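The sequence and structure come first.

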Amino acid sequence: MSCVLPPVCVFCQHFLENNPERECQAFAEIPAAIMDGKCDHTEPYPGDGGYRFQLIPEELETFLELNDIRREFKLPAFRLP
């Protein structure tokens, strides 16, 4: 059995869900380190154009629940800027 946790990107104001040319305002293709959860993009990342993770306010509760699950799996929690 496997468990796939969503990337931090789905909680970000800069994520572009339905844009075939760009995945978010920072990147045409979001780097694997961010998608894999190794980087929460609260700090500068090469090529991000100055954009950083910015939480969608209405997603705070779900974001915090995801962090609880990440901790259960011994993964680092995503940080808020």
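P81 is in contact (heavy atoms within 4.5 Å) with T42 and F53, leaving aside its neighbours within four places in sequence. This is a predicted model in which local features need pLDDT of at least 70 and side-chain atom pairs count only at pLDDT 80 or more, while totals for chains, interfaces and linings use all residues. Residues are numbered from 1 along each chain as its sequence is written, and side-chain values use heavy atoms, with hydrogens and water left out.

P81 lies in the segment after helix 2, where helices (H or I, at least four residues) are DSSP runs numbered from the N terminus. With a relative accessible area of 69%, P81 is exposed; the classes are buried under 20%, exposed over 50% and partly exposed in between, for a 1.4 Å probe and protein chains only. Between the C-alpha atoms of P81 and A33 there are 18 Å, with 48 residues separating the two along the chain.

L80 is also found in the segment after helix 2, and is partly exposed at 41% relative accessibility. Together with L60 and L64, L80 makes a nonpolar surface patch of about 240 Å². Such a patch joins nonpolar side chains (Val, Leu, Ile, Met, Phe, Trp, Tyr) within 5 Å, from residues with over 30% relative accessible area and no salt bridge. Accessible areas come from the Shrake-Rupley method with a 1.4 Å probe.

D40 is placed in the loop between helix 1 (32-35) and helix 2 (60-72). D40 counts as buried because its relative accessibility is 10%. The D40 side chain makes a polar contact with the side chain of T42 at 3.0 Å, and reaches the backbone nitrogen of R79 at 2.9 Å. A polar contact is a pair of N or O atoms within 3.5 Å; within protein, one must be able to donate a hydrogen and the other to accept it, and residues adjacent in sequence count only if both atoms are side-chain atoms.

V8 touches D40 too, along with I34, C39, F53, F63 and F78, not counting residues up to four places away in sequence. V8, F53 and F63 are among the residues with the most contacts inside the largest nonpolar core, which has 15 residues. A nonpolar core is a set of buried Ala, Val, Leu, Ile, Met, Phe, Trp, Tyr and Cys residues joined through side-chain atoms within 4.5 Å.

Side chains of opposite charge can pair when their charged atoms come close. The whole structure has 4 salt bridges, each a side-chain nitrogen of Lys or Arg within 4 Å of a carboxyl oxygen of Asp or Glu. The table lists some of them.

| D40 | R79 | 2.9 Å |

The D40–R79 salt bridge links distant parts of the chain, the loop between helix 1 and helix 2 and the segment after helix 2, 39 residues apart. R79 is partly exposed at 42% relative accessibility. D68 and R71 are 3 residues apart in helix 2, so about one helical turn separates them. D68 is partly exposed at 43%, and R71 is partly exposed at 46%.

Key. Helix = DSSP H or I, 4+ residues; strand = E, 2+ residues; numbered from the N terminus. Patch = residues over 30% accessible without salt bridge, like charges linked within 9 Å, V, L, I, M, F, W, Y side chains within 5 Å.
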